[in-house]
Amino acid sequence: MYLGAAAGMLFLPSLVKFRGPQSVFLAEAALGAMWSLLWFKYSSDGIGETLLPIKVGQKVKAEKGGKSNSSSGPTIPWKRMFLSLPIWAIVVNNFTFHYALYVLMNWLPTYFEQGLQLSLQEMGSSKMMPYLNMFIFSNIGGVIADHLIVKRVLSVTKTRKLLNTIGFMVASLALMALPLFRTSNGAVLCSSIALGFLALGRAGFAVNHMDVAPRYAGIVMGVSNTAGTLAGIIGVDLTGKLLEGAKAANLDLSSPDSWRAVFLVPGLLCLFSSFVFLIFSVGERIFD
């Protein structure tokens, strides 16, 4: 996902320049069609090996494609989930992660062009670095988390809290400092740190649903991703309103004052969410 975003930032500005805005949609449609062909050809219903402890009956059920002889499936503990603070810690952090991600993905190019008066074409490959950094750091976070847990350096709970706290705290500082950097290199460096450490934090909250509710991980993931999608809608719209408010106050979009609130909001959300996860998250199974 993040590698695709990096490639998009690298190639799409030039595509728009030489082929027009409609070429972006044609390119994405072609890529989607090619991906669909690959999916239909190589996807399967089988499951691979898992490190999660499962009962014999569950293994047989999985090998049969998820079908069970019982007429009704297990009762989903919706009320317990709704009242569970560890579940809410996941949801809150997913909301914050996607708020910051969607704001930067949608408005960072505008910040480069109007806030810093830079040309995306002239920036070359540097403009893809924030998104490439997400790809790199998301993998680094997974490797570090696996090492700490498998080697029993830290418990699952402490590992999740450590990586989530480091990721969101550093991202918070980078986001709030971003309007202070008025050069291309400074802005790219700061946004790369912000997005990179946000991705590192995914080794905390983004896999925690498998720790606390492996049987209902899909449900928890769906609920938290719904919060993340809402965050994208709210964040992109609110950012537009903040910039409109800045123009109404006779502030030029090239002024750092016009962008301070844009990056302050996700920065404060990261700070708040890191404390929520630090206090309420757990790494043990709480739903059987």
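**Close-up 1. Asp237 and its salt-bridge partner Lys241 in helix α11.** At 42% relative accessibility, Asp237 counts as partly exposed; that label covers values between buried (under 20% relative accessible area) and exposed (over 50%), with a 1.4 Å probe and protein chains only. Lys241 is partly exposed too, with 48% relative accessibility. The side chains of these residues meet in a salt bridge, 3.0 Å from N to O. The term salt bridge stands for a side-chain nitrogen of Lys or Arg within 4 Å of a carboxyl oxygen of Asp or Glu. Lys241 and Asp237 are four residues apart in helix α11 (residues 217–248), so about one helical turn separates them. Helices here are DSSP runs (H or I, at least four residues), numbered from the N terminus.

A quick note before moving on: this is a predicted model, in which local features need pLDDT of at least 70 and side-chain atom pairs count only at pLDDT 80 or more, while totals for chains, interfaces and linings use all residues. Residues are numbered from 1 along each chain as its sequence is written, and side-chain values use heavy atoms, leaving out hydrogens and water.

**Close-up 2. The salt bridge of Arg260 and Asp257 in helix α12.** Here the side chains come together at 2.3 Å, N to O. Arg260 and Asp257 sit three residues apart in α12 (residues 256–280), so about one helical turn lies between them. Arg260 is partly exposed, with a relative accessible area of 37%, and Asp257 is partly exposed as well, at 41%.

**Close-up 3. The salt bridge of Arg160 and Asp211, between two helices.** The structure holds three salt bridges, and in this one the side chains of Arg160 and Asp211 meet at 2.7 Å, N to O. Arg160 belongs to helix α8 (residues 156–177) and Asp211 to helix α10 (residues 208–212), so the pair ties together parts that are 51 residues apart in sequence. Both Arg160 and Asp211 are buried.

**Close-up 4. A nonpolar surface patch.** Leu85, Leu264, Leu268, Leu271, Phe275, Leu278, Ile279 and Phe280 make up this patch of about 680 Å². A patch takes residues with over 30% relative accessible area and no salt bridge, joining nonpolar side chains (Val, Leu, Ile, Met, Phe, Trp, Tyr) within 5 Å and like charges within 9 Å. Accessible areas come from the Shrake-Rupley method with a 1.4 Å probe; for residues, only the protein chains shown count as cover. Helix α12 gives the most to the nonpolar patch, with seven residues. Phe275 lies in that helix, and at 42% relative accessibility Phe275 counts as partly exposed.
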